Amino acid sequence: MLDRSPEETEMTDVAMAQSLVQETWPERAGRPVKVCLGMIYEAVKRVERKLPKDIQRQRPRQWTERRVRSIWNAEARRIDNYEMADLEMAAAEEARNEFRQSVQRAARMAAFLAATEPDFHGPEIDRLREFLGRVDLP
């Protein structure tokens with residue numbers, strides 16, 4: 001087992017947090033970093049607002065746009081446990097939203113194909129409907 005200094009452990013936490021936010025809210029065409037940062041900030045603030053007031057008061061600090069940016073850029077010196085928990089909850093919420101959107105997109109595609117040329121697109125329509133039949137939305 002390797003002995004690590006606290007600085008090395010903290011860097012690992014920062015790298016994990018950075019990876020989580022960049023993989024969950026990736027920069028891409030039409031979504032520059034500034035937009036990603038805004039999405040992350042709104043997501044963690046939603047998580048934070050759902051917490052009981054006494055828990056919020058116990059925290060040493062609240063989420064800020066600067067804190068989100070420091071995590072994105074791996075400039076944060078450390079990541080507190082509650083911050084990582086918030087980031088993970090926000091990422092899980094984002095994953096649920098993306099999944100729901102994918103299912104809705106598949107349903108629209110199946111309806112579109114069925115309305116255009118159902119005989120030609122029959123196998124694809126069947127696959128989409130089979131997929132939609134197996135999906136269990138919350």
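Select alanine 74 to begin: with a relative accessible area of 30%, this residue is partly exposed. Here buried means under 20% relative accessible area, exposed means over 50%, and partly exposed lies in between, for a 1.4 Å probe and protein chains only. The model is a predicted one, in which local features need pLDDT of at least 70 and side-chain atom pairs count only at pLDDT 80 or more, while totals for chains, interfaces and linings use all residues. Residues are numbered from 1 along each chain as its sequence is written, and side-chain values use heavy atoms, with hydrogens and water left out.

**The starting point and the whole chain**

Alanine 74 sits in the loop between H4 and helix H5 (81–116). The phi angle of alanine 74 is near 55 degrees, a positive value in a residue other than glycine. This positive phi comes just after H4.

Next, display the entire chain. It contains 6 helices and 0 strands, and along the sequence the pattern reads α-α-α-α-α-α. Helices (H or I, at least four residues) and strands (E, at least two) are DSSP runs, numbered from the N terminus.

The C-alpha atoms fill a box of roughly 65 × 40 × 35 Å along the principal axes. The radius of gyration of the chain is 20 Å, whereas a compact globule of 138 residues would have one near 14 Å. That radius is taken over C-alpha atoms, and the globule rule is 2.2 Å times the number of residues to the power 0.38.

Of the 138 residues, 33% count as buried. The accessible surface comes to about 9500 Å², and 53% of it belongs to carbon and sulfur atoms; these areas come from the Shrake-Rupley method with a 1.4 Å probe, and for residues only the protein chains shown count as cover.

Of the contacts with a separation of 6 or more, 55% are between residues 24 or more positions apart, where contact means heavy atoms within 4.5 Å.

Select helix H1, which covers residues 6–24 and includes threonine 24. Is threonine 24 buried or exposed? Its relative accessible area is 14%, and therefore threonine 24 counts as buried. Beyond its neighbours within four places in sequence, threonine 24 is in contact with Arg31, Ala91, Glu94 and Glu98. Draw a distance from threonine 24 to alanine 91: the two lie 67 residues apart along the chain, and their C-alpha atoms are separated by 6.1 Å. The side chain of threonine 24 also reaches the backbone oxygen of leucine 20 at 2.7 Å.

Threonine 12 is also placed in helix H1. At 30% relative accessibility, threonine 12 is partly exposed. The C-alpha atoms of threonine 12 and isoleucine 79 are separated by 9.4 Å, and these residues are 67 apart along the chain.

**Helix H3: glutamine 56**

Move to helix H3 (residues 53–58), where glutamine 56 is found. Glutamine 56 has 13% relative accessibility, so it counts as buried. Setting aside residues up to four places away in sequence, glutamine 56 touches Glu48, Arg49 and Leu51.

Select helix H4 (residues 65–72) and show its side chains; Arg67, Val68, Ser70, Ile71 and Trp72 are buried. Arginine 67, within H4, has 13% relative accessibility and is counted as buried for that reason. Which residues does arginine 67 touch, not counting those up to four places away in sequence? They are Arg61, Ala76, Arg78, Ile79 and Glu83.

With glutamate 83, arginine 67 forms a side-chain polar contact of 2.7 Å. A polar contact is a pair of N or O atoms within 3.5 Å; within protein, one must be able to donate a hydrogen and the other to accept it, and residues adjacent in sequence count only if both atoms are side-chain atoms. Phenylalanine 112 is 45 residues from arginine 67 in sequence and 44 Å away in space, C-alpha to C-alpha.

**Helix H6: aspartate 126**

The tour ends at helix H6 (residues 122–134), which holds aspartate 126. Aspartate 126 is exposed, at 51% relative accessibility. From aspartate 126, draw a distance to valine 35: these residues are 91 apart along the chain, and their C-alpha atoms are separated by 37 Å.
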